[in-house]
Amino acid sequence: MKILVVGGAGYIGSHMVKMLHDLGNQVITFDNLSSGFRDAVLGGEFVQGDLADIPTIDKVFQQYQPDAVMHFASYIQVGESVQHPDKYYLNNFTNTLNLLNVMVKHDVKSFIFSSTAAVFGEPEYVPIDEAHPKAPLNPYGRSKWMVEQVLADYERAYGLKSVCLRYFNAAGADPSALLGERHEPETHLIPLVLQAISGKRPHISVFGRDYDTPDGTCIRDYIHIVDLCSAHLLALKQLTVDGVSKRFNLGNGAGFSVQEVISVAEQVTGKKVKVIDAPRRDGDPARLVADATLAKRTLGWAPVYTDLATIIKHAWAWETKVR
Ligand code: UFG
């Protein structure tokens, strides 16, 4: 297939590009490099461009005529989205509409969308299934939920088919260590712990030890980046065969606390890390765990790297790679 990967130079997008390319697909990456890296695009064509620039998107569709689009290009920081909602609604929502409108114009009907667990807001129950109420607590989550709703309208009006994949905590790195997590600034727990262990940071802060969880720290569902990408692949395959739009929650189904992540990172690396207790971070729910049964049943998705030690081992190989 010929697949346009928007945001293919970012953390998740670059792993997706590699997987698609390695499997023999024709891949075109479209990325403005605002947070991605050109050298993370390990195969296919690369076009530097911005989703605010409709003529350039149009040109890419004219030139490459993709069969399908995967969209990873968005801002992802919850706290920043509260302070600068304009940035989030403009890029994550309005610019996504630009992309969808060009798809409609060129009659490209298959769309895989990176959504998020943040569409659910404070969990009413865990594990969280697809039917859980959607009540995003911040502009980041709302911008993603708005796109999900627009996609339902675009299907009704224009026949555009989509699969929305709601990620829980994407983590780890390609086992080859050719790719890994590279955010600037980095805000995610696992890379921060590993950078503290490797001496790039002075310590790791634990944001709150008074949550209603067994050890008092927040519980998250860490899903290996390769497993996340394999779900995209299966979603795209199914969408192009049955043409039925769907939404899936993607996680391991297992929750690990912040303290457990730190302890497993110490075990995997054989090194100790300096831990500092810090206040709670605004908007952090105590426990976010996915019920990914639907994705497993419908797509035949079978995550391979489900244990936390393997996820951290791969992240550590990337973190310690000379680059
Ligand atoms: N944490 C720390 N110290 C740190 C960084 C994080 O204790 O230095 C804690 C957080 O408070 C949280 C857990 O580690 O309890 C995980 O935090 P991350 O920032 O790694 O991930 P989040 O769960 O906050 O965010 C993820 C995605 C977001 C998405 C969100 C959905 O990265 O894009 O899930 O709720 F919005």
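Visitor: Where is Ala177 found?

Guide: Ala177 lies in the loop between β7 and α6. Helices (H or I, at least four residues) and strands (E, at least two) are DSSP runs, numbered from the N terminus. One thing to keep in mind: the model is predicted, so local features need pLDDT of at least 70 and side-chain atom pairs count only at pLDDT 80 or more, while totals for chains, interfaces and linings use all residues. Residues are numbered from 1 along each chain as its sequence is written, and side-chain values use heavy atoms, leaving out hydrogens and water.

Visitor: What is the phi of Ala177?

Guide: Its phi is positive, about 65°, although Ala177 is not a glycine. Most residues other than glycine have a negative phi, and most peptide bonds are trans. Asp107 also has a positive phi, near 60°, and is not a glycine. Asp107 sits in the loop between α4 (85-105) and β5.

Visitor: Is Asp107 buried or exposed, and what makes it so?

Guide: Asp107 has 52% relative accessibility, so it falls in the exposed class.

Visitor: Which peptide bonds are cis, starting with the one into Pro127?

Guide: The bond from Val126 to Pro127 is cis, with omega near -5°, and Pro127 belongs to the loop between β5 (110-116) and α5 (139-158). Another cis peptide bond joins Glu184 and Pro185, with omega about 0°. Pro185 is placed in the loop between β7 (169-171) and α6 (189-197).

Visitor: What makes the contact of Arg209 and Asp277 a salt bridge?

Guide: The definition asks for a side-chain nitrogen of Lys or Arg within 4 Å of a carboxyl oxygen of Asp or Glu. Arg209 and Asp277 meet at 2.7 Å, N to O. The pair links distant parts of the chain, 68 residues apart: Arg209 in the loop between β8 (204-207) and β9, Asp277 in strand β13 (residues 275-278). Arg209 is partly exposed at 34%, whereas Asp277 is exposed at 52%.

Visitor: How do you know that Glu266 and Lys272 form a salt bridge?

Guide: Their N to O distance is 3.5 Å, which meets the limit of 4 Å. Glu266, at 15%, is buried, while Lys272, at 70%, is exposed.

Visitor: What is the partner of Asp284?

Guide: Arg281 forms a salt bridge with Asp284, the closest N and O atoms being 3.1 Å apart. Asp284 is buried at 17%, and Arg281 is partly exposed at 40%.

Visitor: How many salt bridges does the whole structure hold?

Guide: The search finds 17. Lys18, Asp22 and Asp174 are linked in a network of salt bridges.

Visitor: What is the order of the open sheet of three strands?

Guide: The order is β12-β9-β14, with mixed pairing. β12 (256-257) and β14 (287-288) each have a single partner strand, so they stand at the edges, and one side of each lacks a neighbour in the sheet.

Methods. Buried < 20%, exposed > 50% of the residue type's maximum accessible area, 1.4 Å probe, protein only. Pairing = 2+ DSSP bridges.
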